[in-house]
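Trainee: Could you take me through this model and the terms used for it?
Mentor: Here it is.

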Amino acid sequence: MNVKRRIWKHKLVVSITALLCLTGCWDMIEVNQLAIVNFVGMDLNPEQGGSTFYYQIINPTGIAAQKTSGINAPVYTYSIRTFDSTENPSKLTDGISKKPFFDHYNAMVVTERAARKGLIDQLNFLEKQNNRQSTIPMIITDSPLAAIMRTYTSLERLPGRNARLIINNGTYQTGEASPRSQVKHVVENLESTVLTVLPIISLSGEDVASTDTKKYETIDANKGSFILKGGALIKQGKMIGRLKSSEMPYYNLLNGQIHMFHQSVPLNEGHVDLRSEDFTIRKKLVMENGKPVLRIQLKAEVHMENNTQNAKLDEANLKEIESQLDKALQDKCARLFEKTKKNDWDITGLEAMIKQKRGQQWAAAKRNPESWKETQLVLTTQFIIQTFGNTLDPYKTR
Amino acid sequence: MSGTLKEHISGWQFFLITVNYSLGTAFFIRPASIIATTKQDGWMIPLLAGAFTLAAVWIWMGMSKVYPNLSIVQLAVEVAGRPVGGLIALLYIWYFIQTSSWVTRNLGDFMKTILMPNTPITVFHIMFLGIACYAAIKGIETIARTSEILTPLVIFVMVTIYLCAMKEWDWSKLEPMFQTSFAKLVKDSGPVIGFPYLETVSIMMLAPHVKSRLRTSLLLGMTLATLLLSGIVLVTVGVLGAPRSGHLLYPLYTIVKELQIAEFIENLESTIVIGWTVWIFLKLCIAYYCAVIGICQLFKLKNRAGAAIPLIFLIAGIAITLNDNVIGNIVWDKRYIFQYSCFYGMVLPLLLWMLGKFKKRRRKGPAA
Amino acid sequence: MIRYMLLISGGLLIGLVYMIGSRKPMKEIAVYLVLSLLALASWFDIFAGHLFNPNRWIGWAITWMGL
């Protein structure tokens, strides 16, 4: 009797527990019913007003390993037009047969003209959504958005991921993209005067013959693929200017966020190509003789990639290489610093730094909003040349 | 575990230790600098240097015979008294630490340049020193047995690979032979005498542990090291040619990189790197052990661990401080290594030998 | 930089505490301490920008002796 009762009790407890687990089903997600968004594009319509949104939705069979039949498209691009500046969910579901799933999208691209008008509405909208990642890169493009969104990319076939990887390469291999170019970085700086520099991606090649799976059958990957083309300066959600690709490493350097940096210095009727990495950068704003001075101390390990100079490598020669590298850096950084000051672009965040200062000597500077333009740049460097590659001195034919 | 407890190694083990210690790093590093200075006649340099080393070995043997049961550090304290002898002992301990740092840095430079450029150099150093420290705490018998197992393997791999490289051999690359004057040969062999030959004085720290045939093992070990070093220079010149190998930082590595056996065995460079790291490991273990045992003997410590563990960080630090890059090392090596090694390999041993003899005679004197 | 220094000193400190805890001879602890301090000094020097270079000093000494 007792035993039977106990079994009953157990059955009841187990059933109730199982039932309680079912409460999770209210938020059930069926993978087959999802339209997984990979890449989002946004443009403003200059004539009619309102905006156009593009969504690339992953085609699962298109990215799986393909054995038979032709090559499928890895993504399908949908576009919708809305009259307000943010997206409209009812319009989106009009044409998509599955439930849009935004949690895992890889990148967001905005046209230059939209960025120049200001992205504040879109950013406010994005921040409100709980299913959007804010750690994805925000990209600016100067190519027609429709073309960008209909481009088949090679090697990495998901265009969103492709763009993201290109930016990663730019950050870690060449310094041509800023590591602080995600949505959250733009949002962070919305209410301050600090600039965010977003990567600019364009389509390479004039004839865009890449909106066709035939693209995968041609060997020329240069035609109609994404290419990193410098940085867009965003101030309070609005694009105010752009930096060239060649200026980007120095921008990153001045902000202490560079990972790798290539520089060639002329020396002894030849040149030495150097790769610097492992940077330690200290940035400090001080007041000297009534003028703000931005002191940047830079320390890096240098590796020699090429050497065509006539002189033999010895300690004196290494010193000379270091001083030439220092000179090249000083020169380029100073030029960028002056140019951006002239254009009213506060790329090193000086205004915000001055605002944070305390004490009497900063009082005057704090009152004057233009005081950051009087800042002088003082850059000190310390390089340690570490490796030379396989050979020491170059081969000579003379 | 005890530093004073007697450990024994056999003559054969001491022979292997001699070979490992003198070739461990030199086998890879020396050919480049030898060929850069002496071109195709470079293979004569190790022979010349080896001959000069006989004189040094004679001094070392004389020194070790005065008090056969004492290592250099103990001998210095014994014959020169606590203050002066202690200073000499400290100098030797510093030398062992410095040698360990050199070995460590050589390895780090190689790995960073050739194999794993993104790993911080100190990581290689600490990893290697960690194992060397463990070996040093375990004692010389362990190190000797390790080298007994590993050395034949390493030498076999090296010899096989370089024999395979011989199909690229070209006698004409050695032409014109015997063009270098004797004076230049002597001058060029200076740094080679310093490193690796006189550096080998460190293993005299182990002499009291050797049960038998100390002199034979030492001489045979030096001879084999000389022949191998000379042989590898010859192979390098014959395969790569003097002009090319003079430009390369690690010509032996390049030989292996370009090696093709039967059209389908290629890219053997990792094999050679494993072989070389094993060799460096053996050399580092010995140098590290010498440093640890030197400290233990000087301060009469029983336990080696207390001295061995902080040495990891000290040696890793000095390895970074010694020079900024390979160029600094090469320049220093060319200019100072001979004088510096002579001080430790010839001057101090000679001084200790003489002092020891003098002291023994004086002690005998009144008794007789 | 500071982090590495703290890491190294932390490791060495653990060793010191262990040695004191297991009642090792005073001499051993002293040698351990001195070597640890030397190691820390060498690392501090590296982070401070290579002021001390034994090889350079040895070079000076040999040049000074005229060899």
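Here is how the terms apply.

Mentor: This is a predicted model, in which local features need pLDDT of at least 70, side-chain atom pairs count only at pLDDT 80 or more, and totals for chains, interfaces and linings use all residues. Residues are numbered from 1 along each chain as its sequence is written, while chains are lettered from A and ligands numbered from 1 in the order in which they are written.

Trainee: What is the mean pLDDT of chain C?
Mentor: pLDDT is the predictor's confidence in each residue, from 0 to 100. Chain C averages 87. 100% of its residues reach 70 or more. The model scores ipTM 0.93 and pTM 0.84.

Trainee: What makes a contact, and how many residues does it take from chain B and chain C?
Mentor: C-beta atoms, placed from the backbone, must lie within 7 Å. By that rule, chain B gives 23 residues and chain C gives 26 residues.

Trainee: Which helices of chain B each supply at least two residues of the side that touches chain C?
Mentor: H12 (305-322) and H13 (326-367) of chain B. A helix here is a DSSP run (H or I, at least four residues); a strand is also one (E, at least two). H12(B) brings the largest share, 12 residues.

Trainee: How do the residues on that side of chain B divide?
Mentor: Into 15 nonpolar, 7 polar and 1 charged. Ala, Val, Leu, Ile, Met, Phe, Trp, Tyr, Cys and Pro count as nonpolar; Asp, Glu, Lys and Arg as charged; the others, Gly among them, as polar.

Trainee: Which residues of chain A does the "coiled-coil region" annotation cover?
Mentor: The unreviewed UniProt entry gives 304-331 of chain A. Such annotations may be inferred rather than shown by experiment. In the model, residues 304-331 of chain A are 61% helix and 14% strand.

Note on methods: Two residues are in contact if their C-beta atoms, placed from the backbone, lie within 7 Å.
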